[in-house]
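Work through the exercises below with the sequence and the coordinates open. Each task is followed by a worked solution.

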Amino acid sequence: MKSNHSSVIEFLFPFLTVAALWELTVRLHLVGMEMLPPPSLLISKLWTLTVRGVLLHHLGSSLYRLTIGYVLAVGLGIAVGALLASRRTLREMFAPVLSMLISVPTIAWVPVLLITMGLGDRTVVTAIFLGGFFAITYNTMRGIEMVNPGQLNAARIMGVGGWRLFVEVLLPASLVSIITGLRLGIGYSWRALVGGEMLSALVEWGIGKMVYQARFWNDVLVMLIGLLIIGFSGFLLDRVLLKWLEQETVEKWGMLAKR
Amino acid sequence: MSKAIIEIQDVHKIFDQGAAQVEALGGVSLDIREEEFTVLIGPSGCGKSTLLYLMAGFEQPTAGRILLDGVEIAGPGPDRGFVFQDYALFPWKTVLGNVMFGLVHNGWSKQEAREVAREYINLVHLSGFENAYPHTLSGGMKQRVGIARALAYNPKVLLMDEPFGALDAQTRKHMQRELVDIWDKTHKTVVFVTHSVIEAVFLADRIVVMTARPGTVKGIVNVDLSRPRDYTGEDYLTVRKQVLDLLEEEVEKEIRLQEKAI
């Protein structure tokens, strides 16, 4: 077991290295300061935006939309995935459709949604939902299909079937695959959110909107801060939230293949 | 002689494997008697595990029928317990959770289930491991959990599908002795599938020798020796030879069958 102290350093080291190289590049006048503002300026601007509450308002709006869209994607994705896994004819019919839809980048849906869903929040939330839904559906279906038949038989001979079999056995037994779907899904949802906010004219607040609006003021600094926040939030959602879920479940239960 | 609890009546089983059809069982009739330890043995591919799966209700016979207490078996149910070769434990549940599973789903309260589960965990000598997850246990310990889980909710019959097949030789012998101990305490009706003659003669009241595919009953050997049995005792070796003689012909047949297939 590594000490917390050294793992924090290990974690920060690559970020600090990149920041230092970046700062150096600008300070040595290899790149113009208007084109690529150095990290030092970024940090002071980040401070102002935070203190004024602007950043929090943007981030809060985005996380609110993400929560609605992603929670819908998780609920419906697992339900539809389970349904497809349990009905062979349905699965054979719809599996190709699903594969096709997965390969459509979610941002490509947005122009369609702008027409059908309007220019506001509904479009963004639907894009977030679509981003997560297909990945979660597909991985849930695959996970349930691959459950060890012995575990199923064990439950059945102990008199467990139907809904209880699903909740007590199928779901936990396929959790490795479902969590893979959740992790892929939150990445796709997050990207869809940023793109959706940029393209939806009536959306005023949101981290994607912040970057897009900065274009009108030629404010590269705000754009870069937006990008960093987008990257860092996506990273936190996956590595902190879902990685934690994975550690507390399938990893603790020894269901992940040892590397 | 005790009464028949399972009656297997002219059971056939044919598997569709794409275009080809494989006849696994070709008319098996057999009674499993109450409180007896019955071992099914035969060459690989003779359908002994298939027969066990039919008794469990995981599969349905193509023809013929199987009665449990006079009622035809329509599917799996908690009047039977099953022990799997690959354990088939629930990795997301602790040892206690695994053993409680059949109890909480069959009318025991949480409190009662916990107490009964602890008794059976004690019976298989796993006390102290109640809160361990299966992946932290050795193969022998996993199968003890498998046995406790199958016995805890008090099924009428315990079905065991080569339960010690994945264990090393030392652990296997040890588990055989423990199973005899457990059986002495519970006198459960057991149907046990194996391809080891040594194991069969050590455990069984009755050994059912099956023919090569399609499987039928070749002969039945009654083992009238007191337990625990001595692997090197003269009477043990006599019974062993009896079983081996019945089996040998069938093993050769099966090998010729496989050679033809190649």
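**Exercise 1. The interface between the chains**

In this predicted model, the count between chain B and chain A is five residue pairs in polar contact, both residues at pLDDT 80 or more.

Solution. 

Step 1. Locate the elements. Those that give two or more residues to the side of chain B touching chain A are α1 (48-56), β6 (80-83) and α2 (95-104) of chain B.

Step 2. Sort the residues on that side by type. There are 15 nonpolar, six polar and four charged residues.

Step 3. Count contacts and area. In all, 25 residues of chain B are in contact with 21 residues of chain A. The two chains bury about 2,000 Å² between them, and 66% of this is on carbon and sulfur atoms.

Step 4. Look for charge pairs. Chain B and chain A share one salt bridge. It joins the side chains of Glu168(A) and Lys93(B), at 3.8 Å from N to O. The cut-off for such a pair is 4 Å, so 3.8 Å qualifies.

**Exercise 2. Helix α8 of chain A**

Compare the length of helix α8 of chain A with its expected span, then find what its buried residues pack against.

Solution. 

Step 1. Take the length. Helix α8(A) covers residues 162-173, which is 12 residues, and reaches 15 Å from its first C-alpha to its last. This is close to the 16 Å expected at 1.5 Å a residue.

Step 2. List the buried residues. They are Leu165(A), Phe166(A), Val169(A), Leu170(A), Pro172(A) and Ala173(A).

Step 3. Find their partners. Within chain A, the buried residues of α8(A) pack against α3 (54-86), α6 (121-145), α7 (149-157) and α9 (175-199). They also pack against α2 of chain B.

**Exercise 3. Thr140(A)**

Is Thr140(A) buried or exposed, and which residues does Thr140(A) touch?

Solution. 

Step 1. Thr140(A) is in helix α6 of chain A.

Step 2. Apply the accessibility cut-off. Thr140(A) has a relative accessible area of 0% and is therefore buried, the limit being under 20%.

Step 3. Check the polar side-chain atoms. A polar atom of the Thr140(A) side chain lies 2.7 Å from the backbone oxygen of Ile136(A).

Step 4. List the contacts. Leaving out residues up to four places away in sequence, Thr140(A) touches Gly77(A), Ile78(A), Gly81(A), Ala82(A) and Ile178(A).

**Exercise 4. Salt bridges within the chains**

The structure holds 26 salt bridges over all chains. Describe the pairs Arg227(B) with Asp205(B) and Asp245(B) with Lys241(B), and name a network in chain A.

Solution. 

Step 1. Begin with Arg227(B) and Asp205(B), whose side chains meet at 3.1 Å, N to O. This pair links distant parts of the chain, 22 residues apart: Arg227(B) is in the loop between β10 (217-222) and α7 (234-261) of chain B, and Asp205(B) is in the loop between α6 (197-203) and β9 (206-210) of chain B. Asp205(B) counts as buried because its relative accessibility is 17%.

Step 2. Turn to Asp245(B) and Lys241(B), which meet at 3.0 Å, N to O. Both lie in helix α7 of chain B, four residues apart, about one turn of the helix. At 39% relative accessibility, Asp245(B) counts as partly exposed.

Step 3. Finish with chain A. Arg183(A), Asp238(A), Arg239(A), Lys243(A) and Glu246(A) are linked in a network of salt bridges.

How values were computed
Residues numbered from 1 in each chain as written. Chains lettered and ligands numbered in written order. Predicted model: local features only at pLDDT ≥ 70, side-chain atom pairs only at ≥ 80, totals over all residues. Heavy atoms only, no water. Contact = heavy atoms within 4.5 Å. Buried area = accessible area lost by both parts, 1.4 Å probe. Polar contact = N/O pair within 3.5 Å; in protein donor to acceptor, adjacent residues only side chain to side chain. Nonpolar A, V, L, I, M, F, W, Y, C, P; charged D, E, K, R; others polar. Expected span 1.5 Å × (residues − 1). Buried < 20%, exposed > 50% of the residue type's maximum accessible area, 1.4 Å probe, protein only.
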